[in-house]
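This report takes a protein model from its overall make-up down to single residues. The sequence and the structure come first.

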Amino acid sequence: MTVVVQAGKKYRLPTQNHSGGWSGGTCGGQIGWKTTMSDEIEFVTIAKVGQLEEGEGTAVAVKERMVALFRQNDQYFAIDDFCPHMGASLASGYLENGVVTCPWHAWRFCIHDGKWCDNPKISIDSFPVRVVNDEIQVQVRPKRAS
Ligand code: FES
């Protein structure tokens with residue numbers, strides 16, 4: 001099986017929340033992965049421990065998808081990088097308490113499970129992450145057909 005992995009472009013997160021009035025909070029997601037990913041989908045190394053600073057995100061191309069990888073409290077989380085509103089890179093959003101705020105129009109997503117915080121019935125994809133030795137690996141499934 002051929003796997004295409006490109007080095008991700010690293011973004012600095014903005015220092016202020018763009019939502020104007022939202023004071024933060026946590027998402028409803030739980031630490032850890034709780035969906036039924038197939039064991040047949042392999043984990044792919046996308047970064048090394050130490051490449052991503054605490055509280056930052058980075059976008060990485062994996063299997064024809066863009067994945068936003070975040071580090072928070074020395075744990076790693078991965079969600080779809082494309083904001084479903086107008087396609088901004090969520091990896092460059094503001095991260096606080098498990099929630100990333102889109103840098104363009106401030107939609108907020110839980111980095112644990114991809115839920116849209118303003119309407120948890122809607123979610124973007126999230127992916128299992130593991131650390132093996134010093135490699136950060138994600139298990140990325142193909143994009144859902146729409
Ligand atoms: S592009 Fe993300 S909220 Fe508009």
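The text below covers the fold, the confidence, the core, strand pairing and a few loop residues.

This is a predicted model, in which local features need a pLDDT of at least 70 and side-chain atom pairs count only at pLDDT 80 or more, while totals for chains, interfaces and linings use all residues. Residues are numbered from 1 along each chain as its sequence is written.

**Fold and confidence**

The protein has 11 strands and zero helices. Helices (H or I, at least four residues) and strands (E, at least two) are DSSP runs, numbered from the N terminus. The order of elements is accordingly β-β-β-β-β-β-β-β-β-β-β. Of the 146 residues in the protein, 34% are buried. A residue is buried if 20 or more other C-beta atoms lie within 10 Å of its own, exposed if 12 or fewer, and partly exposed in between, with C-beta atoms placed from the backbone. Two residues are in contact if these C-beta atoms lie within 7 Å. Among contacts between residues at least 6 apart in sequence, 56% join residues at least 24 apart.

The average pLDDT (the predictor's confidence in each residue, from 0 to 100) is 80, and 71% of the residues score at least 70. Over residues 1-25 the pLDDT stays under 50, and the model has 41 contacts beyond four places in sequence for them. Residues 29-36 also have a pLDDT below 50, with nine contacts beyond near neighbours in sequence.

**Core**

A nonpolar core is a set of buried Ala, Val, Leu, Ile, Met, Phe, Trp, Tyr and Cys residues joined through C-beta atoms within 7 Å. The largest one holds 31 residues, of which V67, L69, A78 and F109 touch the most other members. Two or more residues each come from β2 (43-48), β3 (57-62), β4 (65-72), β5 (75-80), β6, β7, β8 and β11 (135-139). The most come from β4, which gives four residues. In soluble globular proteins, nonpolar side chains tend to be buried together. Leaving out residues up to four places away in sequence, V67 touches I46, V60, V62, A78, D81, F127, V138 and V140.

**Pairing around β5**

**Loop residues**

| Residue | Phi | Loop |
|---|---|---|
| N97 | about 50° | between β6 (94-96) and β7 (99-101) |

N97 is exposed because it has 12 C-beta neighbours inside 10 Å. A106 has 17 such neighbours inside 10 Å and therefore counts as partly exposed.

D113 and A78 are 35 residues apart in sequence, with their C-alpha atoms 8.7 Å apart in space.
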